[in-house]
Each structure stands twice: as C-alpha cells, then as structure tokens.
Amino acid sequence: MEYSPYDEQLNVDPYPLYAQLREKAPVYHNEELDIWALSRHADVDAALRDSAGFSSANGPLLDSAIWGPDAHKVMSFNAMDPPDHTRTRALVSGVFSPRHMNGLEERIRDIVRTHLDPALERESFDFVADVAATVPMDVISELIGVPHEDRAEARRLIHLAFHRPPGARDLTPENAQAMGELAGYYLRWVSERRRNPGTDLLTSLGQARPDGALLTDEQIVAVLGLLVTAGYETSLRMLGNAWYWAWRNPDQRARAFDGGITEWVEETLRYDTPVQYMVRTLTEDRTLHGVPVPAGARVLCLIAAANRDPEVFPDAERFDLGRDTHRVISFGGGPHYCLGAPLARLEARVVLAELARRVSAYEIDADRAVRVYTTNIRGFSSLPTTIKLR
Ligand code: HEM
C-alpha cells in the first residue's frame, strides 16, 4: 500500500485507498516524501483540535514554496497558532458570523438567478464554469468589496495560481506568477480603500489596529488571499460534487429535489468533500497507535478519509441523504474551524434549491467531465450538463 497526495490515479477515486489506510495503517508514513497521514475519524478530529501538539505555524499545505515559518505571509491566520491566530482571525470573523449571513440570503439568491437564468435558457451548459464558479466568487467579492470589473480577472488568476499539471509537487512558475499578479490586485484594492473608505471588509482591514498599529499592506494582502481562495475554490468544487453525486444516485437525487436540499449539501460534504486534507507540524515526539512519530513531522489530516470512517458513519461508502451527518468534519475542527462554514452552507443551499425548483431532470456527459488537479482540493473543472426545465 502506498499513499502519496501527488498520485494522479488517486484523484480518480481515493476512497478505496483511504479505507486501507484507516484499517491497516492509521499512522501512515511515506518515507520518500517524509510525510505522515492520519485517516481515522477519531485521530483526524483530535489532531485538528490540538493546535499545541499539531501546529499550523508552517502552514496547512505541502507545497515547498509556501511551507515553513513564513507561510502566514501567504495564508495569514490559517498558518498561525493561538494567540496570533486568535487576534488576526478576529479582524474578519464578524463579517462571516451566522447572524450576518442571515441577512445575506436574498442577495445571494439574486446573484444565483443572474448566473442561472442564461444557463437554464440554453438547457445545455457547463455546470462548473457557468454556475458553480460564478456564484461563490461574486458573493465573496461583495463581502470583501472587490470591484465588479476585477472579478473575472481575479477568477482567472485564482485558477492559474492553484491548478497544477498532474503530478506536480510544487508551485509551477505559472502558479507563482499568477499569485504575484493577484497580490498586485489586492494591493490596488487596499490602497484605493485607504483613500476612499466604504463600509466593506477592505475598508475595515485598512483601518484595523490589532496591536495598536495599522496592518501593513502585506498583512492585509495575506488575509485577502486567504479569504478569496478559501471562499471560492472550496464552494465551487463542493457544488460540482453535489451535482455529480446526485446525478450518479438517482434515488437520492429524487430525495434532494423533493425538499432534501440541506441533506443534499451535508451528505455531499461528507461523501466527497472538496478539502481532502490539511497539514500540521507535530510539535513534540508522540507515539500514535504504537507508532513513534518525531517532533517536526508533517502530518496530513485526511478529512475525506475520516468522513468515510465506518466507526462513525454506518454504510459509509453509500451516498445517503437520510443519514446522520452531525459528526462530519469537512469544515475542520478546533481553532481553525472554517470561518466560512455558514456562508458555504447558505450559498450551496440557495444554488441547489433554485436548481431543484426550476429543473425537472438533468444529465451529465461523464465522458467529457474533467477533474481538477490541485494539491488538496478534489472536484471538477468541467461538468457538461443538459437539463429539462419544469
Ligand atoms: C464547502 C466549502 C468549504 C469547505 C469544505 C471548507 C473547509 C475548510 C476547512 C477544512 C478549514 C480548516 C483549515 C485548517 O484546519 O487548517 C477551513 C478554514 C477556513 N475557511 Fe473554509 N471551507 C469552505 C468554504 C469557505 C468559505 C465560503 C469561506 C469564506 C471566506 C471560507 C473561509 C475559510 C477561512 C478563512 C479558513 C481559515 C480559518 C482559520 O484558520 O482560522 N471557507 N475551511
């Protein structure tokens, strides 16, 4: 048994290997890459909650261009431990609170309809490019205060920044260049808002003084980079996975379309989550399931494997909208629990409910469906779809 997150074949269906890891090697070591992997629900859940033992200070991604003590310059508070993490996260957490989200539903529905109407009229479209990729970018852009005219370009640069050729182990020169260009955009937006304050997140970040001094442009750029990428790529892939798995399971699709939208979202998150793993650095020597793991070890917390652990989810390999999903850990756990979870859920429910309301049946051309290659995100970059309207 060999597990490598760079294995192209694994991208097709990682779940049989995850099952073997859970059963036979719950503390797996890949010697060549010198990475460790936890796959059981109890272990992944405990590691994510234990930021003293499993640190985020080197960042949550393997790429060597990002990994290390400077990871926070790219990933902001997602690459920090408390108390720095607590202080920086607090600067933006209000905007993503469940209370604030409640007021957003109508606006999200408007955005959804803007993108959905032309696609549905054609009756044949790419679910990812025409629906799933557009809504999350518009929503996160509005929350942050990204100008309208920059959104399409920001979307293009995010794709270029994160998509790897199959098997690539680090950022490519194209990835790095796109990241640089994105940072240039963020800087422009920040300086524009420092000059012309508004009521958006860009303005409040430009005025915040967490340690008595204003945040530097670089600190703000890192926060924006985190919010835009974390809020876009994840939601987009999750929507594609929901659309795909409901199509593959017609009985469950019928349930989803018959008032089971929340269950559709939650079971998709469990069954095929876009965020397959997050990385941590072990801060001290530990023995886990009898295996000694040294301080400094890079540990992959395989969230997607944990979500299929039969100890927690009976008949875990079945896509079943009727199951209990309250122990799903797709949004992580502990101090880094996904800041955007209420937003992600709201967005997904509004998009899928609108589709269920207007579409009576749909087909996906699976031969032309394309999967993305990123480091830890699983999902589609294309899902050609034909629909029948109600
Ligand atoms: C289905 C969609 C999503 C999934 C599956 C997801 C998953 C996750 C996971 C697993 C983490 C934990 C990271 C860690 O432990 O290091 C996380 C953190 C985070 N997510 Fe999400 N996310 C989603 C959508 C969003 C959205 C819409 C936003 C909006 C901005 C967002 C913003 C963030 C941020 C800022 C963090 C860092 C939190 C911290 O380090 O304290 N996410 N997300």
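This dialogue considers how to read several features of a predicted model.

Q: How many helices and strands does the secondary structure of the protein contain?

A: The model is a predicted one. Its secondary structure comes to 16 helices and 12 strands.

Q: What does the radius of gyration say about the protein?

A: The value is compared with that of a compact globule of 390 residues, which would have a radius of gyration near 21 Å. Along the principal axes, the C-alpha atoms fill a box of roughly 60 × 55 × 40 Å.

Q: How is the packing of two helices to be described?

A: Two packed helices are described by the angle between their axes and by the distance between those axes.

Q: Which residues of α10 and α12 make the contact?

A: From α10 come Leu-182, Ala-183, Tyr-186, Leu-187 and Val-190, and from α12 come Asp-217, Ile-220, Val-221, Leu-224 and Gly-225. Sorted by class, the contact of α10 with α12 has eight nonpolar residues, one polar residue and one charged residue.

Q: At what angle do α12 and α16 pack, and how far apart are their axes?

A: The angle is about 40°, and the axes are 10 Å apart. That angle makes α12 oblique to α16. The crossing in which α12 passes α16 is right-handed. On the side of α12, the contact is made by Thr-234, Ser-235, Met-238, Leu-239 and Ala-242; on the side of α16, by Ala-344, Glu-347, Ala-348, Val-351 and Leu-352. By class, the residues of this contact divide into seven nonpolar, two polar and one charged.

Q: How do the axes of α14 and α16 lie relative to each other?

A: The axes of helix α14 (residues 261–271) and α16 come within 9 Å and cross at roughly 125°. The two helices are therefore oblique to each other. Here α14 passes α16 in a right-handed crossing. Helix α14 contributes Ile-261, Thr-262, Trp-264 and Val-265 to the contact, while α16 contributes Arg-345, Ala-348, Arg-349, Leu-352, Ala-353 and Ala-356. The contact of α14 with α16 has seven nonpolar residues, one polar residue and two charged residues.

Q: Is the peptide bond from Pro-82 to Pro-83 cis or trans?

A: A peptide bond is described by its omega angle. The bond from Pro-82 to Pro-83 is cis, with omega near 5°. Pro-83 lies in the loop between α3 (72–75) and α4 (84–93).

Q: Is phi of Asp-34 positive or negative?

A: The backbone angle phi is read together with the residue type. Phi of Asp-34 is near 50°, a positive value in a residue other than glycine. The place of Asp-34 is the loop between β1 (27–30) and β2 (35–38).

Definitions and conventions. Residues numbered from 1 in each chain as written. Predicted model: local features only at pLDDT ≥ 70, side-chain atom pairs only at ≥ 80, totals over all residues. Axes fitted to C-alpha atoms, helices over the stretch in contact; angles between N-to-C directions. Helix = DSSP H or I, 4+ residues; strand = E, 2+ residues; numbered from the N terminus. Parallel < 35°, antiparallel > 145°, perpendicular 65-115°, else oblique. Left-handed = near helix turned anticlockwise from the far one by under 90°. Contact = placed C-beta atoms within 7 Å. Nonpolar A, V, L, I, M, F, W, Y, C, P; charged D, E, K, R; others polar. Rg over C-alpha atoms; globule rule 2.2 N^0.38 Å.
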